[in-house]
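Morning, everyone. Please have a look at it first.

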Amino acid sequence: MIQPARAIGWASHLPDEVVTNDDLERTLDTTDAWIRERTGISERRVGGHPPSMAVTAACEAMAVAGCEASTLDLILVATSTTDQHLPAAASRVHDALGANCGAFDINAACSGFVYALVTAYGFLATGMKRVLVVGSDAMSRIVDWQDRGTAILFGDGAGALVLEAGGDGGLVTYDMGTDSASRHILYCDVGSKLQMEGREVFKVAVRSVVDSIQRALKAAEMDAGDIDVFVPHQANYRIVEAVCSRLGIPCEKSVNTLAHTGNTSAGSIPVAIAHALERGRIHDGDTVLLAGFGAGMSWGSAIVRWSA
Ligand code: COA
């Protein structure tokens, strides 16, 4: 165990406005059947504002944790779609909560929440007691809604987790990496729209996630059979299936919110964690595997022994 910690609060937030595949059929050369078959997505939420979604998820997670904001030692927000160059979105969460700790953003695109979570455990290891970790993105702001190669995939959402040092569970191990030579296959220039080579991203995602999880399992002296719950980044259900099949993890162990959320970037994994917890799919003592990937091309895996 690298760092013992309990998850004492969690929440997710999705904006109200729903865009279904049928809606997209009316404006794009695509079909509901094609989108569902090639991605597993049926609908996504749009109209989100990353700092506001982060605030809502953070406030609810703190309410679940039942602790005062003044007891937080750090606020981390993973986002790549926030609306100001500065200050950080974390500053707005800090203000809304009335916290008096440090607060900053992390941008590792869709890998952002895993990176922020590992960073949080790192700060707990240096002596902090409580850290709030949030992932929030509004991909609808940077997607070109006329581009069927990307518009079908993305949505908006946020999730938050409050970690407290101590307990029987915590971070068992992690793996992070970046294939920076491939950064041109998925990017978004400031003030512009997302550009993506979908097929290439698919291949890099499967390869990098499988390799990353294998490294994390090896470091933990575990094998795929030790994983109780797999929370993958929600990008494309075929990516999840390919990763599960290559690693020998039954797909039933994976948590999937994708059908109703699309890819919410840094919001994806914490939304899926909250979804799984609310349905009783994660129990104390479970070995939970988190795996993210995204622009960079970045990836990150974390193996957590769950303790709430
Ligand atoms: N609706 C209908 N047809 C579509 C389409 C759409 N939305 N998008 C592409 N097509 C067509 C293509 O033009 C192509 O037609 P052709 O055979 O006549 O040339 C055909 O469908 C197959 O295209 P391809 O790009 O090979 O499809 P795919 O199975 O790879 O699916 C993605 C495309 C984008 C869904 C898939 O590559 C993907 O999900 N990639 C990963 C993206 C991702 O996860 N990004 C975020 C990372 S964090």
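Let me start with the largest cavity, where H8 is the element that gives the most to the lining, with 3 residues. Before I go further, this is a predicted model, in which local features need pLDDT of at least 70, side-chain atom pairs count only at pLDDT 80 or more, and totals for chains, interfaces and linings use all residues. Residues are numbered from 1 along each chain as its sequence is written, and side-chain values use heavy atoms, with hydrogens and water left out.

Some terms. The labels H and E stand for DSSP runs, helices of at least four residues (H or I) and strands of at least two (E), numbered from the N terminus. For cavities and pockets, a 1 Å grid is laid over the protein atoms alone; a cavity is a set of points where a 1.4 Å probe fits but cannot get out, a pocket is an open set with protein on both sides within 12 Å along at least five of seven lines, and lining residues have an atom within 4 Å of a point. Grid points are joined across faces, edges and corners, and a volume is the space filled by probe spheres set on the points.

The largest cavity has a volume of about 60 Å³. Its lining is made by Val209, Phe230, Pro232, His233, Asn236, Ile239, Val240, Val243, Ala291 and Phe293. Strand E10 (229-232), H8 and strand E11 (287-294) are the elements that give two or more residues to it. By class, this lining has 8 nonpolar, 2 polar and no charged residues. Here Ala, Val, Leu, Ile, Met, Phe, Trp, Tyr, Cys and Pro count as nonpolar, Asp, Glu, Lys and Arg as charged, and the others, Gly among them, as polar.

The second largest cavity holds about 30 Å³ of space. Among the residues that line it are Ala5, Tyr121, Leu163, Gly170 and Trp306. Strand E1 (3-13), strand E7 (156-178) and strand E12 (298-305) each supply at least two lining residues, and E1 has the largest share, 3 residues. The classes are 6 nonpolar, 2 polar and 2 charged.

Now a pocket. The second largest pocket has a volume of about 160 Å³. Ser12, Leu14, Thr257, His260, Thr261, Val271, His275, Glu278 and Arg279 line it. Helix H9 (258-261) and helix H10 (268-278) each supply at least two of the lining residues, with H10 giving the most, 3 residues. This lining divides into 2 nonpolar, 5 polar and 2 charged residues.

Next, helix packing. Helix H7 (residues 198-219) and helix H8 (residues 237-247) pack at about 40°, with their axes 10 Å apart. Axes are lines fitted to C-alpha atoms, for helices over the stretch in contact, and angles run from 0 to 180 degrees between N-to-C directions. That angle is why H7 is oblique to H8; under 35 degrees counts as roughly parallel, over 145 as roughly antiparallel, 65 to 115 as roughly perpendicular, and the rest as oblique. On the H7 side the contact (heavy atoms within 4.5 Å) includes Phe202, Val206 and Ile213, and on the H8 side Arg238, Ile239 and Val243. By class, the contact of H7 with H8 has 10 nonpolar, 1 polar and 2 charged residues.

The other pair is helix H3 (residues 50-65) and helix H4 (residues 89-97), at an angle of about 45° and with axes 9 Å apart. So H3 is oblique to H4 as well. Pro51, Ala54, Val55, Ala58, Cys59 and Met62 of H3 meet Ala89, Arg92, Val93, Ala96 and Leu97 of H4. That contact has 10 nonpolar, no polar and 1 charged residues.

Last, the backbone. Most residues other than glycine have a negative phi, and most peptide bonds are trans. Which peptide bonds are cis here? One runs from Leu86 to Pro87, with omega near 0°, and Pro87 lies in the loop between strand E4 (74-78) and H4. Another joins Gly296 and Met297, with omega about -20°; Met297 is in the loop between E11 and E12. Glu221 is not a glycine, yet has a positive phi of about 55°. Glu221 sits in the loop between H7 and E10.
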